[in-house]
Amino acid sequence: MDTANRQLADLHIALVGVPNCGKTALFNRLTGSRQKVANYPGVTVERKEGGFRDRNGRHYRVLDLPGAYSLSPTTLDEAITRDVVLGRVAGERQPDVLVCVADATHMPLSLRLILEVRRLGHPMVVALNRSDLARKRGFRLDVAKLATALGVPVIETVAIAPAGAEALIQGLASFEARGPVPAVEGGAVCDLAPDRAQTERTQQLVPQMLAEVGYREPLRTRAAARADAILMHPAAGMLVLGAVLFLVFQAVFSWAEWPMDLIESGVGAFGAWVGGILPAGALQSLLVNGIIAGVGSVIVFLPQILILFFFILVLEDSGYLPRAAYLLDRLMGGVGLSGRAFIPLLSSFACAIPGIMAARTIPSARDRIATIMIAPLMTCSARLPVYALLIAAFIPARAIGPFNLQGLVLFTLYFAGVLAALGVAWVMKRFLSKRSYHPLLLELPDYQWPDLRSLAMGLWDRVRIFMRRVGGIILSLMIVLWFLSSYPAPPPGATGPAIEYSFAGMLGRALHVVFAPIGFNWQIAVALVPGLAAREVAVSALGTVYAMSASDAALESALLPVISSTWSLGTGLSLLAWYIFAPQCLSTLAVVKRETQSWRYPLIMAGYLFALAYLASFITWRVTLALSA
Amino acid sequence: MSVAAHALPVPLTALPRGARALVHCVLDETPVIDDALHSTVGQRLVELGFVHGVEVEVVETMWPVGDPLAVRVRGSTFALRRREASAILVTLA
């Protein structure tokens with residue numbers, strides 16, 4: 001047959017492999033930057049698809065399935081891998097060919113999974129990844145012998161080398177899309193119920209097969225043993241971890257500050273310029289206060305996201321992150337959190353948005369949800385301006401022993417957030433998953449240098465996800481809030497501030513009924529409405545309500561005497577307590593919606609944060625009233 | 001041959017840091033990881049390589065009570081909690 005005329009249909013392939021086998025690096029090598037990152041419908045499991053063309057012009061669609069040790073899943077992610085392989089996911093086409101990615105330097109885990117996949121009788125290829133590393137260690141697997149033993153093609157790949165996947169691409173060319181399924185000997189098993197006896201039989205087979213193809217088990221190098229002795233040491237390891245965490249926190253908190261300031265002043269200057277050339281009116285206001293300010297509020301998060309993910313990817317790729325999770329397991333596991341939750345939670349002290357996005361790197365879906373749900377309880381930097389204003393207004397700068405009372409209050413507010421997070425995590429563990437045990441069973445991969453290409457692509461992924469999918473929601477919310485705060489315009493001859501006559505003002509006054517029992521006055525209630533955009537906006541909104549047009553720097557000093565003279569102590573303390581929980585950050589809720597792919601979690605989050613905030617404020621208000629009476 | 005070679009199997013958690021032993025078996029009764037997925041710790045331990053006759057080494061343990069601990073098996077290292085590791089019975093090599 002004339003091959004040039006033959007119409008070749010797209011071939012759908014899926015990469016299957018154990019965690020840490022270099023599967024994602026191979027995926028990046030195959031597809032380059034042509035990747036789509038989304039979620040599987042209704043779950044927090046990441047779906048990565050890409051594509052490439054071979055020399056004959058045939059197109060391949062590649063699915064990077066979540067890493068799985070087995071087709072008998074223990075996590076939601078592994079269940080997705082099994083279901084896609086079996087063609088059980090609605091709307092997901094069953095792959096034409098499974099590419100089983102094996103780590104040539106750590107064969108036992110990979111080979112067991114390959115033998116399990118082979119039992120399905122589905123067309124498959126084995127990609128023997130890291131074969132360069134195996135040769136460096138002085139052995140080369142007998143590819144032909146392994147292929148004969150398995151009854152499927154085996155192809156060597158080197159995911160980190162420029163042409164390392166060429167042989168695999170050529171090998172795939174022989175497969176027909178949706179062609180007749182070549183029967184694999186002993187294949188076509190449909191029942192995948194976990195079967196200990198079967199697994200044990202397979203496991204006895206593994207060392208025999210590996211011995212025949214010349215595999216050599218890696219010895220623990222002296223350097224790795226020495227590194228572990230320090231990094232996993234209960235005391236020294238904790239010190240190193242503390243230093244690493246301090247560095248990450250410092251980076252997200254302060255290194256990101258100047259690019260963020262730059263973006264903010266750039267956006268501000270651009271808005272002022274546009275405002276200058278357009279006549280004052282609705283269009284000018286929409287563009288400057290709605291769209292430009294809205295876009296600015298989205299991209300201002302980018303420096304933090306980039307810096308945070310740079311650290312996470314380096315720590316993950318080098319093999320340090322699982323060891324840190326090992327160190328923290330007793331601490332975090334006690335309240336039902338994964339040891340890996342510490343980086344997302346730590347970065348939530350800067351801002352919950354990069355923190356919640358960082359939860360993507362937690363391997364188990366259940367741990368991811370638990371971490372996402374408590375991330376907003378870490379006091380984010382946006383709450384600092386509010387704290388600063390209220391503490392300066394209501395807490396005297398008195399010395400208590402070696403401490404300053406104002407500093408102590410600030411510390412208490414941070415501490416209360418962490419305490420609440422532990423409590424909420426404990427409650428979730430107690431009531432949401434009480435019937436099952438949550439094991440650690442965490443692989444500690446060999447140390448290695450991070451691959452710069454994978455690092456760059458990982459960073460690019462995060463930026464794209466954030467800009468395209470989260471940015472859209474935040475931007476539209478900003479524009480809605482602009483509309484609510486600007487319309488209707490005040491009647492001619494009105495004396496009060498414009499916001500009082502707007503929808504936001506009406507809403508705030510209506511909400512005052514709700515907030516009166518916790519001591520908030522109507523000005524606070526009104527300021528909380530535009531404060532939905534971001535927590536710190538409440539400060540400038542208060543300025544607007546009190547009809548001040550001072551610039552940001554002068555605003556706090558102008559507001560200070562007004563609120564300290566017109567608010568009672570109880571009102572001030574009550575608002576401080578409210579901000580420990582601060583349920584009103586719409587950007588956070590938007591990210592949660594995107595990350596969990598459902599309204600369920602953002603709604604639960606908003607609900608429980610609101611309830612806790614209300615309760616805390618109510619108690620604070622009542623206690624202060626009783627004590628000052 | 002030493003007396004230890006004929007000793008009864010002991011849980012992996014009984015080994016100090018740096019000790020090596022041979023896996024005897026993984027207990028049948030192990031905690032259920034996920035009801036809906038019918039998965040148990042025992043099944044996963046077998047999948048990770050804890051099968052009869054395989055050599056294991058306790059490479060690191062955490063204070064104060066050795067929980068979790070890091071175990072090397074067939075060239076890979078895994079961190080296990082005591083609750084998981086106690087399901088693995090070993091005989092001293």
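## A salt bridge between the chains

A:R196 and B:D28 form a salt bridge in which the closest N and O atoms lie 3.6 Å apart, a salt bridge being a side-chain nitrogen of Lys or Arg within 4 Å of a carboxyl oxygen of Asp or Glu. The count between chain B and chain A is 4 salt bridges.

This is a predicted model, in which local features need pLDDT of at least 70 and side-chain atom pairs count only at pLDDT 80 or more, whereas totals for chains, interfaces and linings use all residues. Residues are numbered from 1 along each chain as its sequence is written, chains are lettered from A in the order in which they are written, and side-chain values use heavy atoms, with hydrogens and water left out.

## The interface of chain B and chain A

In this model, 45 residues of chain B are in contact with 48 residues of chain A, where contact means heavy atoms within 4.5 Å. The two chains bury about 4200 Å² between them, 56% of it on carbon and sulfur atoms; buried area is the accessible area (1.4 Å probe) that two parts lose on being put together, summed over both. In chain B, the residues that lose the most area to chain A are B:R44, B:R74 and B:R81, which together make up 17% of what that side buries.

Across this interface, 22 residue pairs are in polar contact, both residues being at pLDDT 80 or more; a polar contact is a pair of N or O atoms within 3.5 Å, where within protein one must be able to donate a hydrogen and the other to accept it, and residues adjacent in sequence count only if both atoms are side-chain atoms. Among the elements that give two or more residues to the side of chain B that touches chain A are strand 3 (32–34), strand 5 (55–61) and helix 2 (82–85) of chain B, while helix 1 of chain B gives the most, with 8 residues. Helices (H or I, at least four residues) and strands (E, at least two) are DSSP runs, numbered from the N terminus. The residues on this side of chain B divide into 22 nonpolar, 10 polar and 13 charged, with Ala, Val, Leu, Ile, Met, Phe, Trp, Tyr, Cys and Pro counted as nonpolar, Asp, Glu, Lys and Arg as charged, and the others, Gly among them, as polar.

An open sheet of 7 strands, with antiparallel pairing, has the order 10(A)-7(B)-6(B)-5(B)-2(B)-8(B)-1(B); two strands pair if DSSP finds at least two bridges between them. Its edge strands, each pairing on one side only, are strand 10 of chain A and strand 1 (10–11) of chain B. Helix 1 of chain B packs on the sheet, touching strand 2 (20–26), strand 6, strand 7 and strand 8 of chain B, and its direction makes about 135° with that of strand 2 of chain B; axes are lines fitted to C-alpha atoms, for helices over the stretch in contact, and angles run from 0 to 180 degrees between N-to-C directions.

Strand 10 (residues 442–443) of chain A is joined to strand 7 of chain B by 2 bridges, the strands running antiparallel, and A:L442 has B:A79 as its bridge partner.

## Backbone features

A cis peptide bond joins B:W63 and B:P64, with omega about -10°, and another cis peptide bond joins B:D67 and B:P68, with omega about -5°. B:P64 lies in the loop between strand 5 and strand 6 of chain B, and B:P68 lies in the loop between strand 5 and strand 6 of chain B.
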